[in-house]
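Please consult the sequence and the structure shown here alongside the text.

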Amino acid sequence: MSDRLVLYELGCRAAHESIPLAVPESGAVAMVRNDEGHLILRPWSELVSTDRVIGVLHPIDGSPLERALIPWSPELLVDGVPPLGISVLRAGRTIGADDADFIVVREFCSETIPVPAEIAGTPCAACSAPLEGLVQFCSCGTAFHFEEGDGNQEPLCCLMALPSCTRCGEPSTLAPVLRPNPALLGLGVSGEGHAFDGNGLEVRL
């Protein structure tokens with residue numbers, strides 16, 4: 001399964017006006033103001049002389065969906081205010097400057113993979129048969145059977161056989177799931193999922 005952080009600019013009227021910024025899975029990445037005045041993400045090793053760094057994101061061991069954010073300029077804002085020190089960036093928080101704010105979004109996409117050893121033999125959340133062979137995951141982490149079909153038989157996809165996940169209740173989908181959902185923030189971007197409150201906790205919409 002694919003699970004990563006992506007930044008969506010707040011205040012855009014349509015998706016084509018802002019290109020989402022994917023946060024690399026490894027290595028330090030800087031939020032910079034480029035020579036055109038735009039805020040972008042650039043790997044630390046690829047900075048150019050015209051870049052003006054305003055903050056640096058570092059991976060956190062054991063927390064793939066969080067980044068340590070080191071302030072580099074008083075221009076940097078986190079959740080609308082200048083950070084007092086190192087901040088932890090996760091889904092639902094915002095990062096940017098006075099003229100541009102980005103919301104941090106978790107982008108999850110289910111993939112068909114061999115069943116991980118730690119859950120092999122446990123019951124499928126849909127049919128209760130032991131998990132073996134191939135599996136697919138809901139964005140909440142629940143595993144479901146997947147069996148490839150042949151010429152005479154359709155693939156068996158337990159995740160899509162149900163209208164919603166038996167654990168979290170979210171609609172069943174193999175499309176990318178965005179949390180929080182930029183579409184619900186007026187960005188013109190399609191997505192599914194939850195929003196977050198001021199404490200970073202998921203709230204059902």
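Ser128 is placed in the loop between strand 11 and strand 12, and its phi is positive, at about 70°, although Ser128 is not a glycine. The model is a predicted one, in which local features need pLDDT of at least 70, side-chain atom pairs count only at pLDDT 80 or more, and totals for chains, interfaces and linings use all residues. Residues are numbered from 1 along each chain as its sequence is written, and side-chain values use heavy atoms, with hydrogens and water left out.

**Overall composition**

- The chain contains zero helices and 17 strands; helices (H or I, at least four residues) and strands (E, at least two) are DSSP runs, numbered from the N terminus.
- Of its 205 residues, 39% count as buried, where buried means under 20% relative accessible area, exposed over 50%, and partly exposed in between (1.4 Å probe, protein chains only).
- The accessible surface of the chain is about 11,000 Å², and 53% of that surface belongs to carbon and sulfur atoms; the areas come from the Shrake-Rupley method with a 1.4 Å probe, and for residues only the protein chains shown count as cover.
- Among contacts between residues at least 6 apart in sequence, 37% join residues at least 24 apart, a contact being heavy atoms within 4.5 Å.

- Strands of a sheet pair through backbone hydrogen bonds, either parallel or antiparallel.
- Four strands form an open sheet in the order 11-12-13-14, with antiparallel pairing; two strands pair if DSSP finds at least two bridges between them.
- Strand 11 (113-114) and strand 14 (156-157) are the edge strands, each pairing on one side only.
- Strand 11 and strand 12 run antiparallel and are joined by two bridges; Ile113 stands opposite Val135 of strand 12.
- Strand 12 (residues 134-137) pairs with strand 13 (residues 143-147) over four bridges, in the antiparallel sense.
- Within strand 13, Ala143 is the bridge partner of Phe137, and Phe146 is the bridge partner of Leu134.
- The hairpin of strand 12 and strand 13 has five residues between the strands, and Gly141 in this hairpin takes a positive phi near 100°.

**Backbone exceptions**

- Most residues other than glycine have a negative phi, and most peptide bonds are trans.
- Ser128 counts as exposed, with 54% relative accessibility.
- Asp79, which is not a glycine, also has a positive phi, near 55°. Asp79 lies in the loop between strand 7 (77-78) and strand 8 (87-89) and counts as partly exposed at 39% relative accessibility.
- The peptide bond that joins Arg179 and Pro180 is cis, with omega about -5°. Pro180 is placed in the loop between strand 15 (177-179) and strand 16 (195-196).

**The aromatic pair**

- A search of the whole structure finds one aromatic pair. Rings of Phe, Tyr and Trp (its six-membered ring) pair if their centres lie within 6.5 Å; planes under 30 degrees apart count as stacked, over 60 as edge-to-face and the rest as tilted.
- Trp44 and Trp72 form this edge-to-face pair, at 5.3 Å centre to centre and with 70° between the planes.
- The pair links distant parts of the chain, 28 residues apart: Trp44 is in the loop between strand 4 (39-43) and strand 5 (52-60), and Trp72 is in the loop between strand 6 (63-71) and strand 7.
- Trp44 counts as partly exposed at 36% relative accessibility, and Trp72 is partly exposed with a relative accessible area of 49%.
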